[in-house]
Amino acid sequence: MLPLNREQITAAFLKSNDQSEALQVPELASVQWSFLDYFGWVHPSGHLGFVVLSSPNDGQLRGIRMSRAKRSAKKPRMEMCSWCHHVHKANGTAMFTVQVKGSEGRHSLGNVVCKALDCSLRIRNLVQPESFMRETLYQPAKIWRMQATMHKWLGRANQL
Ligand SMILES: [Zn+2]
């Protein structure tokens, strides 16, 4: 994706009518934008996740706020990210939930996603360890699949 500055990121959330109080945009100087398909970060509290991506409908930036819950598994077990399909051995994912816009908080949609929202780096094999289950699918197809999944999810939540 193209590099974003702090103003653009904040504006993407304001446009979505999102209260920006909890929005703590991380340090952007070290972000390698060319490796990213979406920009995601986790609030220091660990209870919120944020994603900025361009809408497939109009190409404009959208800021999506999600609640984030750790998944507690009694036994270590493999977990797969529903966006990038990275398979974690244990404790690698979190439940991210987005409100359905217009439902006044009555409806929400959850997804099990890499807990640090670093799917783009995982698709490009820039994070260790590698996926526990290797896929033969080539990289552009993985990116396409991830974007399609995110668009479908956010579309159902009226967030795109
Ligand atoms: Zn992922």
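Which loop, and between which two helices, holds Pro129? In this predicted model, Pro129 belongs to the loop that runs between helix H2 (119–123) and helix H3 (139–156), and the legends below take up this site together with several others.

**View 1. The whole chain, with its order of helices and strands.** The chain contains three helices and seven strands, which follow one another along the sequence in the pattern α-β-β-β-β-β-β-β-α-α. Because the radius of gyration is 15 Å, close to the 15 Å that the globule rule gives for 160 residues, the chain is as compact as a globular protein of that length. The C-alpha atoms fill a box of roughly 40 × 35 × 30 Å when this is taken along the principal axes, and 29% of the 160 residues count as buried. Among the contacts between residues at least 6 apart in sequence, 54% join residues that are at least 24 apart.

**View 2. The hairpin of strands S1 and S2.** Strand S1 (residues 39–42) pairs with S2 in the antiparallel sense, and four bridges connect the two. Within this pairing, Gly40 stands opposite Val51 in S2. The two strands form a hairpin with five residues between them, and in the turn Gly46 has a positive phi of about 85°.

View 3. Strand S2 (residues 48–54) is largely enclosed by the rest of the structure, because five of its seven residues are buried. Gly49 stands opposite Met66 in S3. S2 and S3 likewise form a hairpin, with six residues between them, and Gly59 in the turn has a positive phi of about 75°.

View 4. Most peptide bonds are trans. The bond that joins Gln128 and Pro129, however, is cis, with omega at about -5°. Pro129 itself is placed in the loop between helix H2 (119–123) and helix H3 (139–156).

View 5. Most residues other than glycine have a negative phi. His85, although it is not a glycine, has a positive phi of about 65°, and its place is the loop between strand S4 (79–80) and strand S5 (87–88). With 18 other C-beta atoms within 10 Å, His85 is partly exposed, since a residue would need 20 or more such neighbours to count as buried. Asn158, which is likewise not a glycine, has a positive phi near 55° and lies in the segment after H3. Asn158 is also partly exposed, with 13 other C-beta atoms within 10 Å, whereas a residue with 12 or fewer would count as exposed.

**View 6. Ala148 in helix H3, shown with Val113.** Ala148 has its place in helix H3, and it counts as exposed because it has 12 C-beta neighbours inside 10 Å. Ala148 and Val113 are separated by 35 residues in sequence, while in space the distance between them is 14 Å, taken from C-alpha to C-alpha.

Methods
Residues numbered from 1 in each chain as written. Predicted model: local features only at pLDDT ≥ 70, side-chain atom pairs only at ≥ 80, totals over all residues. Rg over C-alpha atoms; globule rule 2.2 N^0.38 Å. Contact = placed C-beta atoms within 7 Å. Pairing = 2+ DSSP bridges.
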